[in-house]
Amino acid sequence: MMIEEKPALARPAPFKFEPHHFAPAAYNLESSIIRDILKFSNQPGVISFAGGLPGPDLFPVEEIREAADRVLTHYGTKALQYGLSMGYSPLREFIAERVAMRGGVQLSADNILVTSGSQQALDVVGRAFLEPGNYVLCCRPTYLGALQAFSFYGARYAPIEMDNDGMMVEKVDPVIRELHPRLMYVVPNFQNPSGITMSEKRRQLLVQKSQQYGIPIIDDNPYGELRYSGTDVPSIKSIGGQAVIQLGTFSKIISPGLRIGWIAASRQTMGVFERVKQCTDLHTNEFAQYVIYEFVQNGALDRHIERLKVAYHERRDAMLRAMSEFFPDTVTWTKPDGGLFLWVRLPEHADATQLFNSAIEEKVAYVPGKPFHPDGSGGNTLRLNFSNASLENIHEGIKRLGRVFSTLA
Ligand SMILES: Cc1ncc(COP(=O)(O)O)c(C=O)c1O
């Protein structure tokens with residue numbers, strides 16, 4: 001019998017993904033410049049003021065270890081199980097009480113949705129409100145992560161100038177009449193990137209405009225509890241009530257790695273947010289929610305925040321002192337009352353992105369300001385973070401930057 005020789009199977013050519021295989025919104029996403037810069041700033045010997053990282057020396061590692069241990073001992077099977085889309089109820093109650101007490105608003109657990117950091121909260125808001133081509137009214141500059149989150153849903157921006165009192169709300173009328181924005185987005189306390197806090201008068205005016213034109217306000221507030229000088233300003237939510245959607249997070253006051261944030265909003269909006277959240281990831285990490293709830297008991301969170309404030313206050317002052325000592329007169333900067341960032345303005349003709357290469361040669365890193373400007377302006381600005389460096393490195397890093405900036409004059 002003849003055995004017929006089978007022709008060898010032709011190997012399919014290895015599959016190659018082409019741009020048309022991807023959804024345009026995903027394919028066209030730009031990588032965050034901050035992530036790219038962080039790669040440089042991780043090189044040995046570089047003093048980085050680039051990231052927005054909390055000081056790792058201040059993480060409550062032991063307390064989190066003990067909290068995790070208690071969770072596993074007492075609630076192990078529950079904490080490792082699937083949870084509710086809205087979040088772990090005792091943690092939601094804790095957040096509601098804290099936000100209500102600090103912000104002077106009435107809230108219950110029903111008004112809180114726990115998210116995977118406030119970055120996911122921004123994504124949930126984008127999914128819930130935005131259609132391609134919709135405008136978002138925001139500050140110029142504004143938080144880059146919000147621009148990334150909203151841009152995925154096809155947002156365009158109506159950037160409003162800022163001064164030392166935050167967004168110049170008195171300029172919004174013609175912009176709103178022309179572009180009909182779907183949302184107003186602000187970071188009212190110690191803004192990322194500028195460090196500026198919005199004045200009470202401007203907050204009131206923003207709420208008034210929101211009511212007049214029927215546009216919801218997104219009040220993104222990761223830094224509100226980190227105040228080192230001055231006095232608290234009433235929250236936009238306390239002024240605007242139901243129409244204000246406030247975002248919060250434990251990232252800057254406990255740990256960003258745990259990825260626990262929240263949305264505080266009216267019950268009516270919560271129904272939509274809950275369904276959006278459900279189709280995104282079912283629910284936020286249950287174990288991390290239990291651990292945070294265990295950690296915050298008996299005033300531990302307040303004690304921890306007091307420690308953070310003492311340390312960050314010192315770091316902010318050290319940076320301001322060094323800037324006065326080493327920066328040329330042609331450079332100006334903000335003097336924030338809290339948060340993690342300072343904002344620097346170079347002479348008009350300077351290009352902070354180009355200058356970044358000279359900074360890297362001097363082994364010091366910052367984030368150029370342009371990406372925080374949705375209209376591509378701000379080429380002569382940059383952001384400095386003061387929470388993630390030692391006092392010695394702040395002095396030395398600012399001295400190095402002073403050398404870079406003095407070549408500009
Ligand atoms: C203004 C603002 N919103 C949201 C976030 C996201 O924070 P997270 O997702 O860690 O809660 C940040 C982080 O730096 C921020 O500065």
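**Stop one: around the ligand**

Start by selecting helix H5, residues 117–129, which gives the most to the shell around the ligand, with three residues. (Helices here are DSSP runs of H or I with at least four residues, strands are E runs of at least two, and both are numbered from the N terminus.) Before going on, know that this is a predicted model, where local features need pLDDT of at least 70, side-chain atom pairs count only at pLDDT 80 or more, and totals for chains, interfaces and linings use all residues. Residues are numbered from 1 along each chain as its sequence is written.

Now pick Gly-117, Gln-119, Asn-192, Thr-249 and Ser-251: of the 14 residues around the ligand, these come nearest. (A residue is near a molecule if its C-beta atom, placed from the backbone, lies within 6 Å of it.) Colour the shell by class and you get four nonpolar, nine polar and one charged residues. (Ala, Val, Leu, Ile, Met, Phe, Trp, Tyr, Cys and Pro count as nonpolar, Asp, Glu, Lys and Arg as charged, and the others, Gly among them, as polar.)

**Stop two: the eight-strand sheet**

Next, show the open sheet of eight strands, in the order S2-S9-S8-S7-S6-S3-S4-S5, with mixed pairing. (Two strands pair if DSSP finds at least two bridges between them.) Strand S2 (112–115) and strand S5 (166–167) are at the edges with a single partner strand each, so one side of each has no neighbour in the sheet. Zoom in on S2 and strand S9 (residues 261–264), an antiparallel pair with four bridges. Click Ile-112 and you'll find its bridge partner in S9, Ala-264.

**Stop three: the four-strand sheet**

Which order do the strands of the antiparallel open sheet of four take? Follow S10-S11-S14-S13. Strand S10 (332–333) and strand S13 (367–368) are the edges, each with a single partner strand, so one side of each lacks a neighbour in the sheet. S13 and strand S14 (residues 381–385) run antiparallel, joined by two bridges. Select Val-367 to see its bridge partner in S14, Arg-383.

**Last stop: two packed helices**

Finally, select helix H3 (residues 61–79) and helix H11 (residues 286–295), which pack at an angle of about 125° with their axes 8 Å apart. (Axes are lines fitted to C-alpha atoms, for helices over the stretch in contact, and angles run from 0 to 180 degrees between N-to-C directions.)
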